[in-house]
Amino acid sequence: MSRTAEPQPSIRRIAIVGAGTIGASWAALFLARGMDVVVSDPAGDAEAQTRARVQAAWPVLAELGHVTEGASPETLRFEPDLAQALAGVDFVQENAPEREDFKIDLFARMDAMLPAHVIVASSSSGLIMSRLQARCRHPERFVIGHPFNPPHLIPLVEVVGGDKTSAAVIEQSIAFYKAMGKYPIRLNKEVPGHIANRLQAAVWREAIHLAAENVASVADIDAAVSQGPGLRWALFGPHMTFNLGGGAGGLENFMNHLLGPVQTWWDDLGAPEVTPALQRKLIDGVNAEAGQRSIADLVAARDAQLTALIKALRR
């Protein structure tokens, strides 16, 4: 599923700033690809959590053929001090809390510590880079590199620059992510939430509306996605899916004959107010759907099935 490219020789040492689930997943991928990785996070348990998550991801990375000969999770370095972690790195993948004020301050501090040529990519799931880079002396090297969770499995990376990001940095970031086995896409303009999260949020909003209206149970609404269009979406996005829905005439035929009914569905879509009562209904519904499976059980099942799906799509 990923685009292939030659590794970028200029990027060998990577700093992961902010551990957590996303940071540890990035670390596992970069380590598997033979990179020199240092992780920095001030939390007291961050190192132990990161190493455990990297070890847990390694068998899946090996199964997918992502582990370069000689790569090892044992080469991971952990450095809680930010300045020491950034010393001598070629690329930074930032995964700090999703708060604009926090990231603005963090970016300004990293900007002062790093040589001007080092690219800083943010995993931000929806913030605007033009705002985040506002206090930096070298804003041209800051870019969004938003992965989908978990980054060591899901190929997508959304790449978008701010007003002051250089075109060369965007291209270099895309080339680097390709070399890591990812599938980067370039956004032509900044929008809150980027692309994938906006699409995901739109589907969830309607799913919440359907649950609020008692159209079906939470479990059956989830099944309507996972056992239906979700399977097609693993192969094609919405435009190509409806292109096939138009038969031999493709999307043009679909629009000529079926756009009218679809428009009536759009007109009837909901905008639910997620009250405390509705929140409780959704939480109880998803807990019933999960049954006796813990979050850890669900994550393990998800990752195993994602691995099988990715392998199948390569055939």
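Predicted model: local features only at pLDDT ≥ 70, side-chain atom pairs only at ≥ 80, totals over all residues.
**Stop 1: residues 12-32**

In the model, 62% of the span is helix and 24% is strand, and its end C-alpha atoms lie 12 Å apart.

**Stop 2: the largest nonpolar core**

Next, display the largest nonpolar core, which has 35 residues. Phe30 and Val37 are the members with the most contacts inside this core. To see where the core comes from, colour β1 (13-17), α1 (20-32), β2 (36-40), α2 (46-63), β5 (119-122), β7 (156-161) and α6 (167-179); each of these elements supplies at least two residues. The largest share, 7 residues, comes from α1.

Centre the view on phenylalanine 30 and show its surroundings. With neighbours within four places in sequence left aside, phenylalanine 30 is in contact with Ile14, Ile16, Met35, Val37, Gln93, Phe176 and Met180. Apart from this core lies another, of 24 residues, including Met110, Met129, Leu132 and Cys136.

**Stop 3: alanine 27**

Return to helix α1 and select alanine 27. Is this residue buried or exposed? Alanine 27 counts as buried, because its relative accessibility is 0% and the limit for a buried residue is under 20%. Residues up to four places away in sequence not being counted, alanine 27 touches Ile16, Val37, Val39 and Val54. Now draw a distance from the C-alpha atom of alanine 27 to that of alanine 57: the two are 30 residues apart along the chain, and the separation is 9.9 Å.

**Stop 4: the second largest pocket**

Which element gives the most? The answer is α2, with 5 residues. Coloured by class, the lining shows 8 nonpolar, 4 polar and 3 charged residues.

**Stop 5: the loop between β6 and β7**

Move to asparagine 149, in the loop between β6 (142-147) and β7. A cis peptide bond joins asparagine 149 to proline 150, with omega at about 0 degrees. Proline 150 has its place in that loop too.

Asparagine 149 is partly exposed, with a relative accessible area of 37%. Show its contacts, leaving aside neighbours within four places in sequence: they are Thr21, Ile22, Ile154 and Arg302. A distance drawn between the C-alpha atoms of asparagine 149 and serine 25 reads 8.3 Å, although 124 residues separate the two along the chain.

**Stop 6: residues 193-257**

Select residues 193-257, where an unreviewed UniProt entry places the feature "domain: 3-hydroxyacyl-CoA dehydrogenase C-terminal". The span is 72% helix and 0% strand, and its end C-alpha atoms lie 33 Å apart.

Within this selection, begin with histidine 194, in the loop between β8 (183-186) and α7 (196-212). Histidine 194 has a positive phi of about 60 degrees although it is not a glycine. In general, most residues other than glycine have a negative phi. Histidine 194 is buried, with a relative accessible area of 2%.

Then select asparagine 214, in the loop between α7 and α8 (218-226). Asparagine 214 likewise is not a glycine and has a positive phi of about 60 degrees. Buried or exposed: which applies to asparagine 214? Asparagine 214 counts as exposed, because its relative accessibility is 58% and the limit for an exposed residue is over 50%.

**Stop 7: glycine 246**

Finish at glycine 246, in the loop between α10 (238-245) and α11 (250-268). Glycine 246 is buried, with a relative accessible area of 6%. Show Asn253 and Phe254, which are in contact with glycine 246 when neighbours within four places in sequence are left aside.

Conventions
Residues numbered from 1 in each chain as written. Heavy atoms only, no water. Helix = DSSP H or I, 4+ residues; strand = E, 2+ residues; numbered from the N terminus. Core = buried A, V, L, I, M, F, W, Y, C linked by side-chain atoms within 4.5 Å. Buried < 20%, exposed > 50% of the residue type's maximum accessible area, 1.4 Å probe, protein only. Contact = heavy atoms within 4.5 Å. Nonpolar A, V, L, I, M, F, W, Y, C, P; charged D, E, K, R; others polar. UniProt positions renumbered as here; feature names shortened; annotations may be inferred.
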